[in-house]
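Subject: Handing over the structure

Hello,

Here is the structure I promised to pass on to you. Please open it first, and then read on for my notes.

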Amino acid sequence: MGFHTKKWLKLLLAVACTLAAVPPSGKTLKAADGMTEQADVHVLGTNTAASLATQHDLDVIYKDLSGYPTVSATYNGGVAAIGDQAFVLAVNPDTTPILAAARYGKGKVVVAGDDSYFKFTSDITDERKTVARNILLWLTEDSETLTYQEALEGKGRLPMLSATWKNYIIETDVPIDLVRLDQFTEEHLDPSRYPVAYIDGTLEDSEVDAVEHYVAQGGHVVVPLKGWVMEQYPHVFLGNEYQGRSGRLSEDFPVQRLLNRMGLGLMNNTASTRTETLPILTPEQSANYHSLKLLEQAEAIEAGTLSPDQVNVGRPGAGADKKLQVIASVTGGTVSSISPQSPLYAVIEQDASDLESQLTFPLDRSKAPYTSALLAFQLGRIGNDLTAPKSPYADQFPGTVPGDAPRVSGQSVHVNFDYSTFDYLRQGTVPKNWISTGLYAPAGEWVTIHVPEGTQNLDVQVGAHTDNLTSKTEWERPPVITQRKPLLPGENRIRSPYGGLIYLIPTKPQPGVAKDIEISGGVRAPYYILGETSSTEWEDTIRHHPAPWAELQGRRVILTLPSEYIRQLGDPQQLVEKWDAIVDYTEEVAGLSPNQPLRHKSIDLPFRYVADRQISAGYMHAGYPIMFHIDPSAGHAVDISRVTQGGWGFWHETGHEYQQGAWNWNVTGEITVNIYSLYIQEKFGNSSNLLIRNADGKDFYDLAFDYIESDIPNKSFGSSGQLDLFGYLVMFRQLSLAYGWDFYAELHQAYRELPATELPATNQEEIDTFVVMASTIAGENLTEFFDKWALPYSKEEVRSRVDALNLPMPTQELWRLRETHTLSAPPEIKADTGTEWNRESVKVTVTMTAEAEAAGMRSQYKIGSEGKWTDYTAPILVEAEGETIVYARAAAMSGVRSDEASKTVKIDRTGPAITATVAQSVYQTERFTISPQITDTLSGVSGFSLELDGKEASETLVREPLTLSAGPHTLRITAEDAAGNVTVREYPFEVVVNRDHLDDIVTAGEEKGWIDNQGITRSLLAKIADLQQQPAGSEAAEDALTSLEHAIKAQQGKHIDSGFAELLLGDIDYIRSRSSAS
């Protein structure tokens, strides 16, 4: 296994020969000047695989720059130089390259890790605009038509092509004429007419060959993209077919296939996270980050023939451990993202097939940089296979299923295809329609899914852990474990190598369509549904289901957690309701509610929050699902106090879902998100985070006021080093202090109502529009307020637009507003009862928190949601029958109020209602059945019993013919409700026998075997016939009765069953009594 010398030379030949190959379109690439030479000279020895970037190349790229600029808000993606004509131009020495280029035929290609490095708009005010200029200078320096340098000198305007359907614009004062195409075709891709083309992730397969041919003939291409964003949000680039799915650079994106052909590639890692200026590279340093060279060195390190100290990567003075991390980042990022279009792919595929390592997690990739790169490649391919056998790593994560756990058969799952995609909301992320099944697919076991005929646009997904970790330097679990595939009508068999919760996912809304899908083969998972799962069901059964992962579902959220975190969890109702409140509160800030018109209507699909051993970025991250670490956040997620008091992370990520891009310029994405968090914090009765004091005793208001009063050079809102993000948050909080939280509800609504043609397209337009929109919502001219904050809006234009609104100036200095009182937790409400339902009046007490009492606040209460708030002075006596909700809060004269607490008091003084249909008389030969109906409209029936003639009977009373003695009987029904109220009803009835029935009774007795001698039967029937011929009540009739009586007694216990004989004798007594009564 490995890059043996022979294989290395073979790979280099493949890479070089690719440059001279006939493109798939069938058109021969005419050899550019020096092309044959390129193909001939690059059969190189070790450590010389990559051509160097020339000093001239680097001089052009770094012209007028002190280094390569990164900005914390951009989160650059990594890029790779793979081919022998590719080279690195800029690198984060802690991670991977972020700018690379290649020569291909007569043309050039540049790939950047973020689109902000090729923007020509006024909102880019830092050195990234210089990078964009220099990229064009380098690409066009040998242009036979017009160079960009000549365009800058006023000698013409540089034509540039674009075929993206996304919003890419170039401002008119830049000497570039952007020509927009619907699609790249050979007709337009003429280097002599259009020397440069802008390419993004929307490139289609049908365009790849034409673009490749264009470059080979001398065209130049710029590809500025974040690979990690493409994988997380593929629908943004590839369309609605990928809505709700994750993507893979190696499989799904034509732009990656194009780049790989030309010796470059995108990685799926986050390569930079902070604002800094990265050092200018020398040609030698550039070569040190070439992917082929680092792959060769990685293998040598594992073979023991090279020391990490000998590898020249990392920052100056970097130790062996740091160098190994960088090597692992570059090699793993390259290998996990390459497509089969790269000559490197076949070599990696062969080496990965020989990989036999049995690894455990966590895995530090730097300890085995080449093997881990192969493993990333291998696991990435296995992770997408829904027919693969069990992975050797599945038991480590997501976990094991007991072998004896029952497998389900024929479990029906209802799938509603009638749902919204919420496009009208214009917000960060909306929930997708993953439908939980409550089932878990054991790793390596087949699961069968039967789909009804006519069903379309339905996927199955196994696993909730969609984060791809291949770019991480350490893996705490296998990097790709969730699989998804379309389902077809009929029987579908799937087998997940890792196992996971099973989801059914409609991929396209279909109004009025719903289907029942049948699943066999999984095991049941703990799955709580608010409003459906009872406390008893949860505690006795459901939380003990055997799957290693569980879900708690409310109205607005679904939590996915390891089952160990819920095994001891009592009734989750209150916990889930608090989670629902987080989304409810966020929507209040966003101006959404269920009863508003569609444009402002609440989201009716739940957000998902998934715990994972490791996530792709950050402490938590937004998206669908919102991801957080198991340790420590899974325990926090099921702790009500942490959710409501220390849940900033959860609140923050929920806020990201609702952010509107139209007013999140530059770094404000991590500022405005906390508007929602501050509101949730307040609603849960917590003190504001803006009041937290630093070591100098200053809170964020103090720091903000210092900034406002300062004379910092080039002061500009959002600039790093002038004020931190929470300090900038004060500006947004001051707007809600001045105009109430409704300010933001109305602002969100206004942006949703803005015509699409008026939505801002650049950062500068976003700032300018925000000033106008904020002034409009406030009803006051806010330009002075934003001036105090040094917000960089376009002064002349924006002031003119605001002046045209004829708004008054604020009557107060808004920039001096601050929170002066902290909100306290709500009072505690206690009901003087030990039971849920009560028969007597209940005393309710309200106790204020010590914090609220010390602040001079007072307790208030109201009865019912429409009740009037009243100062609490004495215990409240609740007497009304039914459910009464008592609300309480703490309030100050200043208007500051705590969150509300509530307690539901339940009183039931009325016993259950009993209904039973009982006939007053019934013949002994008839079947007797009584099934009473017991109802209780308040506390509910807790139980009932039946007694027949003082003896306990079953709840449904059934008596067969000839089992009840003739004469009167009493049925007694007793019912009790949950409050302890008891209702008793008695139903008297009579079992009737007359002499005309005696022959039927005897005949039936014989049929039942109670008379075992036919002669005796005939004798009894003869006596009965004689009786029936006598006048009722006559002496002769009495004689006949006596004769019958003697005959029965003579055979009782002999040929007549004793019990049956007693029944007959009782019947004779009954007939006598009725005769005497008449």
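The model is a predicted one, in which local features need pLDDT of at least 70 and side-chain atom pairs count only at pLDDT 80 or more, while totals for chains, interfaces and linings use all residues. Residues are numbered from 1 along each chain as its sequence is written, and side-chain values use heavy atoms, with hydrogens and water left out.

Let me start with the overall layout.

Next, a helix to look at. Helix α4 covers residues 128–140, 13 residues in total, and spans 19 Å from its first C-alpha to its last, close to the expected 18 Å. (The expected span is 1.5 Å times one less than the number of residues; helices, H or I with at least four residues, and strands, E with at least two, are DSSP runs numbered from the N terminus.) Eleven of the 13 residues of α4 are buried, so the helix is largely enclosed by the rest of the structure. Among the buried residues are Val131, Ile135, Leu136 and Trp138. Here buried means under 20% relative accessible area, exposed over 50%, and partly exposed in between, with a 1.4 Å probe and protein chains only.

Now for a sheet. Four strands form an open sheet in the order β13-β21-β15-β19, with antiparallel pairing. At its edges stand β13 (411–416) and β19 (490–495), each with a single partner strand, so one side of each has no neighbour in the sheet. On average, neighbouring strands of this sheet are turned by 25° against each other, direction ignored; the axes are lines fitted to C-alpha atoms, and angles run from 0 to 180 degrees between N-to-C directions. Two strands count as paired if DSSP finds at least two bridges between them. β13 and β21 pair over six bridges in the antiparallel sense, and Val415 stands opposite Lys515 in β21. The covered face of β13 holds Gln411, Val413 and Val415, and its uncovered face Ser412, His414 and Asn416. On to β15 (residues 446–451), which pairs with β21 (residues 514–520) over three antiparallel bridges; the partner of Ile449 in β21 is Ile519.

How many salt bridges are there? The count comes to 43, taking a salt bridge as a side-chain nitrogen of Lys or Arg within 4 Å of a carboxyl oxygen of Asp or Glu. One of them joins Asp64 and Arg133, with the closest N and O atoms 2.8 Å apart. Asp64 lies in the loop between α3 (55–61) and β1 (68–70) and Arg133 in helix α4, so this pair ties together parts that are 69 residues apart in sequence. Asp64 is exposed, at 57% relative accessible area.

Glu960 and Arg927 also meet in a salt bridge, at 3.1 Å from N to O. Glu960 is in the loop between β43 (957–959) and β44 (967–977) and Arg927 in the loop between β38 (921–923) and β39 (928–930), so the pair ties together parts 33 residues apart in sequence.

Arg816 and Glu813 form another salt bridge, at 2.6 Å from N to O. Arg816 is partly exposed, at 48% relative accessible area, and Glu813 is partly exposed at 41%. Finally, Arg555, Arg556, Asp580, Asp584 and Glu587 are linked in a network of salt bridges.

Enjoy looking around!

Best wishes
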